[in-house]
Amino acid sequence: MTSLDSVLDKDGVRLTVDDAVATVTLTNPAKRNAQSPALWRALTEAGRALPGSVRVVVLRGEGKSFSAGLDRQAFAPEGFDGEPSFLDMARGPEAELDATIAEYQEAFTWWRRNDIVSIAAVQGHAIGAGFQLALACDLRIVAEDVQFAMRETSLGLVPDLTGTHPLVNLVGYARALEICATGRFVHAEEAERTGLANLVVPADQLDAAARDLAAALLAAPRDAVVETKALLSGALSRTYEEQRTAERAAQGRRLRDLAGLSD
């Protein structure tokens with residue numbers, strides 16, 4: 001695959017690949033990268049289209065905002081072209097509504113796969129679905145002008161695009177509840193202090209910082225990063241003793257591999 005090969009470009013999502021680094025770009029800056037079911041399907045497709053050589057995925061948004069959240073047209077009676085409105089979906093069978101939301105969530109789940117490390121490079125507004133998309137990634141680098149907000153509760157809804165689990169893990173239950181229930185903005189300093197952001201940089205340095213972090217992640221052997229990510233991502237669901245056991249098993253696999261004894 002050639003450098004910067006364009007793998008996908010549709011419905012506000014572009015996927016390019018440069019050797020071991022893939023970049024997923026939200027490409028509708030005129031609407032502040034507002035999200036829609038078509039965009040979510042494109043994000044899901046991007047995850048499935050990743051070549052096996054990819055180790056790091058960078059997620060970014062064109063323009064002044066990373067993503068201002070759900071396109072409000074979803075709540076209009078006419079919805080999007082060729083799509084049922086959310087109001088029509090709500091009037092349908094409960095099982096169908098649940099299945100549809102589960103399909104939407106797929107756009108937000110693949111970023112945590114053990115075989116890749118994902119980095120969200122976030123500037124300007126990251127609201128609602130935009131906040132949840134940033135939370136879907138393993139790591140977040142943010143510009144000094146970032147404004148995170150979870151506005152679903154303010155609209156009479158709940159965050160349902162997989163953002164609640166990472167949010168609680170990062171900032172704790174009490175702060176997560178306060179952020180979601182008030183819908184307030186979280187700015188760069190608080191994001192870094194509470195663990196939402198790994199790094200804050202000036203806006204004009206955001207892409208360069210993401211490239212630098214991607215390069216640093218590629219410096220270690222792939223299998224060691226994959227095993228380490230699996231250990232860390234499962235740590236919260238394991239007891240201390242279970243984590244010790246998982247560490248021993250993972251290290252055993254690595255030592256056998258280094259000794260040329262792996263199956």
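Modeller: A contact here means heavy atoms within 4.5 Å, and with that cut-off, 67% of the contacts in the protein with a separation of 6 or more join residues 24 or more positions apart. This is a predicted model, in which local features need pLDDT of at least 70 and side-chain atom pairs count only at pLDDT 80 or more, while totals for chains, interfaces and linings use all residues. Residues are numbered from 1 along each chain as its sequence is written, and side-chain values use heavy atoms, with hydrogens and water left out.

Colleague: How many helices and strands are there in the protein?

Modeller: The protein has 10 helices and 10 strands, read as DSSP runs numbered from the N terminus (helices H or I, at least four residues; strands E, at least two).

Colleague: Why is the protein called as compact as a globular protein of that length?

Modeller: Its radius of gyration is 19 Å, close to the 18 Å that the globule rule gives for 263 residues, so the protein is as compact as a globular protein of that length. The radius is taken over C-alpha atoms, and the rule is 2.2 Å times the number of residues to the power 0.38.

Colleague: What share of the residues of the protein count as buried?

Modeller: Buried means under 20% relative accessible area (1.4 Å probe, protein chains only), and 44% of the 263 residues count as such.

Colleague: Which residues have the most contacts inside the largest nonpolar core?

Modeller: They are Leu43, Trp111 and Phe148, in a core of 52 residues; such a core is a set of buried Ala, Val, Leu, Ile, Met, Phe, Trp, Tyr and Cys residues joined through side-chain atoms within 4.5 Å. Helix α4 (residues 129-136) supplies the largest share of this core, 6 residues. Leaving aside residues up to four places away in sequence, Leu43 touches residues including Val13, Trp110, Trp111 and Leu133.

Methods: Buried means under 20% relative accessible area, exposed over 50%, partly exposed in between (1.4 Å probe, protein chains only).
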